[in-house]
Protein chains: 2
Amino acid sequence: MIKTRVTEMLGIRFPLFQGGMAWIATGQLAGAVSSAGGLGIIGSGTADVQWLQREIEAARRLTEHPFGVNLVLTSPHIEENIALVIKEKIPVVTTGAGNPGKYLPLFRDQGIKVMPVVASVALARRLARLGADAIIAEGVESGGHVGEMTTMCLVPMIADVLDIPVIAAGGIADGRGMLAAFALGAEAVQMGTRFICAEECPAHPDYQQKVIKAKDRDTEVCGLTTLYPVRALRNSFVRYYLEQERAGADQEMLRKLGAGKYPEAALGGDIENGSILAGQVSGLVNRVEPAAAIVKDVMETAEALLLNRLGVEQWSE
Amino acid sequence: MIKTRVTEMLGIRFPLFQGGMAWIATGQLAGAVSSAGGLGIIGSGTADVQWLQREIEAARRLTEHPFGVNLVLTSPHIEENIALVIKEKIPVVTTGAGNPGKYLPLFRDQGIKVMPVVASVALARRLARLGADAIIAEGVESGGHVGEMTTMCLVPMIADVLDIPVIAAGGIADGRGMLAAFALGAEAVQMGTRFICAEECPAHPDYQQKVIKAKDRDTEVCGLTTLYPVRALRNSFVRYYLEQERAGADQEMLRKLGAGKYPEAALGGDIENGSILAGQVSGLVNRVEPAAAIVKDVMETAEALLLNRLGVEQWSE
């Protein structure tokens, strides 16, 4: 058993979070991950409060273990979604797309743990000062919104300046990645891409197959000239978007170009004209399997690697 | 003591390579690293055979332990430099900037180990088939020439498909990074940026101070539109280069813009108009110290972390 301040703080069995991916991290997926001993997280994305209510109920039907909700601070429904999270007594929220500072006192008063996803040391420091309970340090290799720093560099830099726990995200799909994150100073990991291929994930089967077939260099970062660059698997949409971006398309045009493209691929299955968000680590994902099998595989590999001292012959002096 | 197939193959005490950085990885630096138990590597870059001869002699005066030479395949002096490496019976070469395939039989006949630096699974596979002795998998966080894949993603993907050892490079500056690399499947690590700040490194003091002062997001990748993108610390030169590149400057103009800019900064100390190559991991480098102190710190941290099982409470069943 691997125990860290994160497993203790949340009362979960394993230091493994399932990323709160918009649209596809539903109650069904989050419930399955939590009942397997990880932390399932419902991705509220830009969905409205009815959607979130339904998914929280779905997760509760599947597990009595804690699960979280990811809140996207730029969502038009952010205020109602926060009110619902409080009403439903969700024990932990993760936040993306911005600085959740102004909501921290509110969550704290309600005893809700807040774990913001950050891509820089400066924002991690600021949010720790404002009372975040842990920081999710996410590297540029991750799928969806990305920063600049890689997980290998960002995690130790943030761990060095914070007293609160760091959770590593980006580039992690198995027990090797989990242990690498621990070596760097993390106390839990968050995996998104591998859970796209969980049986309980409503991602369209063609989206799951595209992730499974992906090789190392099959992702691109779109929107580097915008405020919200995203990593996706290369397809017709990505090629066209990058052409337009390199040709100097303006922010408004790029925003329109990308609008609605993710659900079009993720749920609708249009993997040529939609945006197939996924991390570089897609190259390590090779099958669709139950969420519980993913959690079991990651933890068994991590524990075995730890027991055999990462496979490097070693004796204490 | 940490032992792997790499320490055994080369007869070195620690699985720690010093990157063969052009101009600044001299015989003095390589000799100091090798005598401290790591593998020092002379960076021949585009230097001529007289320079390389002199540096090999300098390293030999400092150590009886093995050291290597990095060969840049695009160097105008590559053929004479290879002849010298053979004449001098250098035990191991690392190669950058291209595919060393055509030289592999020659080195093999001479009993010289060849360890190419690669940034993709496909090139790693090809070079392993052609007889490379190990593969240095280098992530995009590294300084100087970069690919696309991060170390966290590239190392396990390459380790999964090769039987020969993998050495991880990019984003590693301490014992935490070394153990993270081992968890991912590497059997040694290569560090460049931290050795820029070794006392024995002839990098200009202003270059070393720039690395030491760097924070997490202070590097940029220049030349993404060229065949050889490089990561450097942000300064006037980088800002100007990126402006020109984003404005659509052609390959020839960009080549001229970058020509000679590295030695200008690295040796000449013009840290505003020169190109200050360094990795994202600069944010973890905080002092100038002897190469032996760097090697000692990395290994002591790595061994302590391993003995205390990465700090995650754990008990075997």
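A:Ala134 touches A:Val114, A:Met115, A:Pro116, A:Ile164, A:Pro165 and A:Ile167, leaving aside residues up to four places away in sequence. Contact here means heavy atoms within 4.5 Å. The model is predicted, so local features need pLDDT of at least 70 and side-chain atom pairs pLDDT 80 or more, while totals for chains, interfaces and linings use all residues. Residues count from 1 along each chain as its sequence is written, chains are lettered from A and ligands numbered from 1 in the order written, and side-chain values use heavy atoms, without hydrogens and water.

A:Ala134 is buried, with a relative accessible area of 0%. Buried means under 20% (1.4 Å probe, protein chains only). A:Pro116 is 18 residues away from A:Ala134 in sequence, and 7.3 Å away in space, C-alpha to C-alpha.

Now the domains. An automatic or database assignment sets the bounds. Chain A has domain 1 (5–202 + 285–304) and domain 2 (205–281). Their contact takes 25 residues from domain 1 of chain A and 19 residues from domain 2 of chain A.

| Between domain 1 and domain 2 of chain A | Value |
|---|---|
| Distance between centres, over C-alpha atoms | 22 Å |
| Buried area | about 1,800 Å² |
| Share of that area from carbon and sulfur atoms | 66% |

Buried area is the accessible area (1.4 Å probe) that two parts lose on being put together, summed over both. A:Trp23, A:Thr193 and A:Ile196 supply 25% of what domain 1 of chain A buries against domain 2 of chain A, more than any other three residues.

Technical notes
Buried means under 20% relative accessible area, exposed over 50%, partly exposed in between (1.4 Å probe, protein chains only).
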